[in-house]
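Biologist: I have a structure open on my screen and would like to learn how to read it. Could you take me through it, one feature after another?

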Amino acid sequence: MPYTELDLEMKPDEGNEDEHKLVIFAWSGDLDRVWPTLILATTAAAMGWSVTVFFTFWGLFPLVKNDVRMTGDNWMQRMMSVMNRGGTDHLKLSKMNFIGAGPKMMRKLARDNKVACPQELLAEAREMGVHLVPCQMTMDLLGLERANLIEGLERPAGATTALLEADGATTLFI
Amino acid sequence: MSLTVVQTLDLKGLSCPMPIVKTAKAMKQVSSGEMVEVFATDPGSVADFQAWCRSTRNTLVESDVTDGVFHYVIQKR
């Protein structure tokens, strides 16, 4: 169909809010991955982007409430939750963990440098309307109930939802 | 247009991404044409405030530094 003058006039900048989307697949529960995930999510929200973080596999554990000690219905899931305690207060470093001494030092350095901690960033993200979506399949697999997870999350969803969100968006797998 | 600063943010000491996050939240509260003034010490904020203003199409009216304190004035589009 040929362009008319009207078409050309309508084209530039008309309603050109060009909604930018960022979708992050948060796969890791390591402190040194969760941190940049939340920094990028909050920053993108601050830039006016629509942001969705899809939490899957180890990435789900940071969403567990800090005071929840054990999760799961069977011994395998329970053992996993004991070996890999959930919550933003209990994240481990992917290197130099030193049985928890590493994260302690990292958090002290962050405090000294006034770097916002994951918990603070998570709260900011929720306040700024970042969509935090837990993966339903991983919740079932790892024995995590909705009640084990923090407030303010979206309804748990699957890969289809995540991929639909990711269509046309900037995507990161962290 | 009156060039009045309606809000001043003291974000000295804060690191990435908080200067931008807090500024973005403050900018939501002001009306079009109004200005927000920011003081920060994060050296990364120089590039970040430029990038943020470009992506949100707000105007970075002023950007300077005095004794290690960066000063920005942003006008809401």
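Modeller: Gladly. This is a predicted model. Let us begin with a helix pair: helix 2 of chain A and helix 5 of chain A, residues 118-127, have axes 9 Å apart and pack at an angle of about 30°.

Biologist: How do I put that angle into words: are helix 2 and helix 5 of chain A roughly parallel or roughly antiparallel?

Modeller: Angles under 35 degrees count as roughly parallel. Helix 2 of chain A is therefore roughly parallel to helix 5 of chain A. The crossing of these two helices is left-handed.

Biologist: Which residues of helix 2 of chain A meet helix 5 of chain A?

Modeller: From helix 2 of chain A come A:Val34, A:Trp35, A:Leu38, A:Ile39, A:Ala41, A:Thr42 and A:Ala45. Facing them in helix 5 of chain A are A:Pro118, A:Leu121, A:Leu122, A:Glu124 and A:Ala125. By class, this contact has 10 nonpolar residues, 1 polar and 1 charged.

Biologist: Now the whole interface. How is its size usually described?

Modeller: The size of an interface is often given as the accessible area lost when the parts come together. Here we can look at residue contacts instead: 12 residues of chain B are in contact with 11 residues of chain A. On the chain B side, helix 1 and helix 2, residues 45-56, each supply at least two residues. Helix 1 of chain B gives the most, with 4 residues. The side of chain B that touches chain A has 8 nonpolar and 4 polar residues, and no charged ones.

Biologist: On to the sheets. In what order do the strands of the chain A sheet lie?

Modeller: The order is 3-2-1-4, in an open sheet of 4 strands with parallel pairing. Strand 3 (131-134) and strand 4 (170-173) of chain A each have a single partner strand, so one side of each has no neighbour in the sheet. On average, neighbouring strands are turned by 15° against each other, direction ignored. For one pair in detail, take strand 1 (residues 21-26) and strand 2 (residues 50-55) of chain A: 6 bridges join them in the parallel sense. One pairing to find on screen is A:Ala26 with A:Phe55 in strand 2 of chain A. Across strands 1, 2, 3 and 4 of chain A lies helix 7, residues 159-166, running at about 145° to strand 1 of chain A.

Biologist: And what is the strand order in the sheet of chain B?

Modeller: That open sheet of 4 strands has the order 1-2-4-3, and its pairing is mixed. Its edges are strand 1 (5-11) and strand 3 of chain B; each has a single partner strand, so one side of each is left without a neighbour. The twist from one strand to the next averages 15°. Helix 1 of chain B packs on this sheet, touching strands 1, 2 and 4, and its direction makes about 160° with that of strand 1 of chain B. Helix 2 of chain B touches strands 2, 3 and 4, at about 175° to strand 3 of chain B.

Biologist: How many bridges join strand 4 of chain B to strand 3 of chain B?

Modeller: There are 7, and the two strands run antiparallel. One pair to look for is B:Asp64 opposite B:His71. In their hairpin, which has 2 residues between the strands, B:Asp67 takes a positive phi near 50°. Strand 4 of chain B, residues 69-75, is also joined by 6 bridges to strand 2 of chain B, residues 35-40, again antiparallel. There B:Met35 is the bridge partner of B:Gln75.

Biologist: Finally, what is the mean pLDDT of chain A?

Modeller: The mean is 89, and 90% of the residues of chain A reach 70 or more. Over residues 1-16 of chain A, however, the pLDDT is below 50, and this stretch has 1 contact beyond near neighbours in sequence.

Note on methods
Residues numbered from 1 in each chain as written. Chains lettered and ligands numbered in written order. Predicted model: local features only at pLDDT ≥ 70, side-chain atom pairs only at ≥ 80, totals over all residues. pLDDT = per-residue confidence, 0-100. Contact = placed C-beta atoms within 7 Å. Nonpolar A, V, L, I, M, F, W, Y, C, P; charged D, E, K, R; others polar. Pairing = 2+ DSSP bridges. Axes fitted to C-alpha atoms, helices over the stretch in contact; angles between N-to-C directions. Parallel < 35°, antiparallel > 145°, perpendicular 65-115°, else oblique. Left-handed = near helix turned anticlockwise from the far one by under 90°.
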